[in-house]
Amino acid sequence: MEQIDLNDGTADRFLLDAAGLSLVVFHSRTCGNCRLARERLPDMDLPVERLCWVDAGDNGGLVERYEVFHLPAMFVIRDGAFHGPVQASLQEWDIRQQISLALDGYPGMLP
């Protein structure tokens, strides 16, 4: 699974152009659960082409637009369309289920 770090200046263009499924994960260097997510997510068998990491401490614009209130925060983007948040524990089965539920809804524009 591909991993990429995005920021306020690169996220929109990349996510609009990226084919397939992206899981955008907001994290912080000082957050223990975020470190755990950064460690575990790449090893999970998730139905995504890529993990897109956004450092919440350095990218306030994206944090505001995506309305991030807790970390880590995950969002599903497919073929440039926003499918919403993934509110799950850091368990593979839970994340897979929440991704599936997000994809069942109608997509919207990127925040």
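User: What is the strand order of the open sheet of five strands, and what is its pairing?

Analyst: In this predicted model, where local features need pLDDT of at least 70, side-chain atom pairs count only at pLDDT 80 or more, and totals for chains, interfaces and linings use all residues, the order is β1-β3-β2-β4-β5 with mixed pairing. Residues are numbered from 1 along each chain as its sequence is written, and side-chain values use heavy atoms, with hydrogens and water left out. Strands are DSSP runs of E with at least two residues, numbered from the N terminus.

User: Why do β1 and β5 stand at the edges?

Analyst: β1 (2-6) and β5 (81-86) each have a single partner strand, so one side of each is left without a neighbour in the sheet.

User: What makes β1 and β3 a pair?

Analyst: Pairing requires at least two bridges found by DSSP, and five bridges join β1 to β3 (residues 50-55), the two running parallel; Gln3 stands opposite Leu51 in β3.

User: Why is Asp8 called partly exposed?

Analyst: Its relative accessible area is 33%, and because buried means under 20% and exposed over 50% (1.4 Å probe, protein chains only), a value in between is called partly exposed.

User: Which backbone nitrogen lies 2.9 Å from a polar atom of the side chain of Asp8?

Analyst: That of Leu62, while the side chain of Asp8 also reaches the backbone nitrogen of Gly61 at 3.4 Å. Asp8 itself lies in the loop between β1 and α1 (11-17), and its C-alpha atom is separated by 8.5 Å from that of Asp58, 50 residues apart along the chain.

Terms used. Helices (H or I, at least four residues) and strands (E, at least two) are DSSP runs, numbered from the N terminus. A polar contact is a pair of N or O atoms within 3.5 Å; within protein, one must be able to donate a hydrogen and the other to accept it, and residues adjacent in sequence count only if both atoms are side-chain atoms.
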